[in-house]
Amino acid sequence: MRPEIFAALLGLARAGSRIGDTWSQSDFCAQVKAATDAHPVTYTHPKTGLRRTYGTAAGRRACAWHCLTYTATQAVAVTVGTRVLGIRLRPAAAVTAAAVSFGTHYLADRRVPGGLLETLARKTGKGAFWDLADHGINGTFHLDSAWHHGWETVAALVATCQATSR
C-alpha cells in the first residue's frame, strides 16, 4: 500500500505546486523576490502606475510570502486529495514535508545574482542553459522546476512515513 500512497501524495503535491507557483504567486512577489540592495528591482503597480524600487529586505519578504502561499496551496491540494482518497497522514510527517517544500522553495526562488540555483547550474555545466531565454525556452525556469520536482519527491516520501488508509 505504501507505493500507492507515495504516488498519490506526489501527484497531489505536484498539482498543488504548479498552482501555487504560478496562480497563487502575485505579480509583485514574482518580480521583487530576487531584489537585493546591490541589484534592486523597480516594480510598477499595475493599477496605480506607482513605481517603487525595492532592495534586500523587500526581496526576502516577497520570497517568503510567495513560499508561504505556495506551501499553503500545496497543503490544501494534499489535504483535500488525501481526504477524497482515504489516506491518513501523520501530522508530524505532513508538517515536516511542508517545511521541506517551503525551505527548498525559498532557497531556489530567492534568485539573487550568484544564488544557489545559478551557482549549481554553473558548477554542473548548465550555465548556458541557465542563461537561455530564447527559442521559446527559459532555462532558469526549467532548472527551477526540476529543483522543485526533486524536493517535492523528497517531501512526498517524508509525508508517506507512517501514512495509512482510512
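**Aromatic pairs**

Phe 28 is partly exposed, at a relative accessible area of 26%. In this predicted model, Tyr 54 has a relative accessible area of 15% and is buried. The model holds three aromatic pairs. In one of them, the ring centres of Phe 28 and Tyr 54 lie 5.1 Å apart with the planes at 85°, so the pair is edge-to-face. This pair joins distant parts of the chain, since Phe 28 sits in helix α2 (residues 27–32) and Tyr 54 in strand β2 (residues 51–54), 26 residues apart. Phe 28 and Tyr 54 form one aromatic cluster with Tyr 43.

The rings of Trp 147 and Trp 151 have centres 5.8 Å apart and planes at 55°, so this pair is tilted. Both residues belong to helix α7, and because they are four residues apart, about one helical turn separates them. Trp 147 is buried at 17% relative accessibility, while Trp 151 is partly exposed at 32%.

**Packing of α5 and α7**

Helix α5 (residues 116–123) packs against helix α7 (residues 139–160) at an angle of about 100°, with the axes 11 Å apart. The two helices are therefore roughly perpendicular. Leu 116, Leu 117, Leu 120 and Ala 121 of α5 meet Leu 143, Asp 144 and Trp 147 of α7. By class, this contact has six nonpolar residues, one charged and no polar.

**Cysteines**

The count of disulfides is zero. For Cys 29, the nearest cysteine sulfur is that of Cys 63, 8.4 Å away. Cys 29 is buried, with a relative accessible area of 3%.

The sulfur of Cys 67 has its closest cysteine sulfur in Cys 63, at 4.2 Å, which is too far for a bond. Cys 67 is also buried, at 0% relative accessibility.

Definitions and conventions:
Residues are numbered from 1 along each chain as its sequence is written. This is a predicted model: local features need pLDDT of at least 70, side-chain atom pairs count only at pLDDT 80 or more; totals for chains, interfaces and linings use all residues. Side-chain values use heavy atoms; hydrogens and water are left out. Axes are lines fitted to C-alpha atoms, for helices over the stretch in contact, and angles run from 0 to 180 degrees between N-to-C directions. Angles under 35 degrees count as roughly parallel, over 145 as roughly antiparallel, 65 to 115 as roughly perpendicular and the rest as oblique. Contact means heavy atoms within 4.5 Å. Ala, Val, Leu, Ile, Met, Phe, Trp, Tyr, Cys and Pro count as nonpolar, Asp, Glu, Lys and Arg as charged, and the others, Gly among them, as polar. A disulfide is a pair of cysteine sulfur atoms within 2.5 Å. Buried means under 20% relative accessible area, exposed over 50%, partly exposed in between (1.4 Å probe, protein chains only). Rings of Phe, Tyr and Trp (its six-membered ring) pair if their centres lie within 6.5 Å; planes under 30 degrees apart count as stacked, over 60 as edge-to-face and the rest as tilted.
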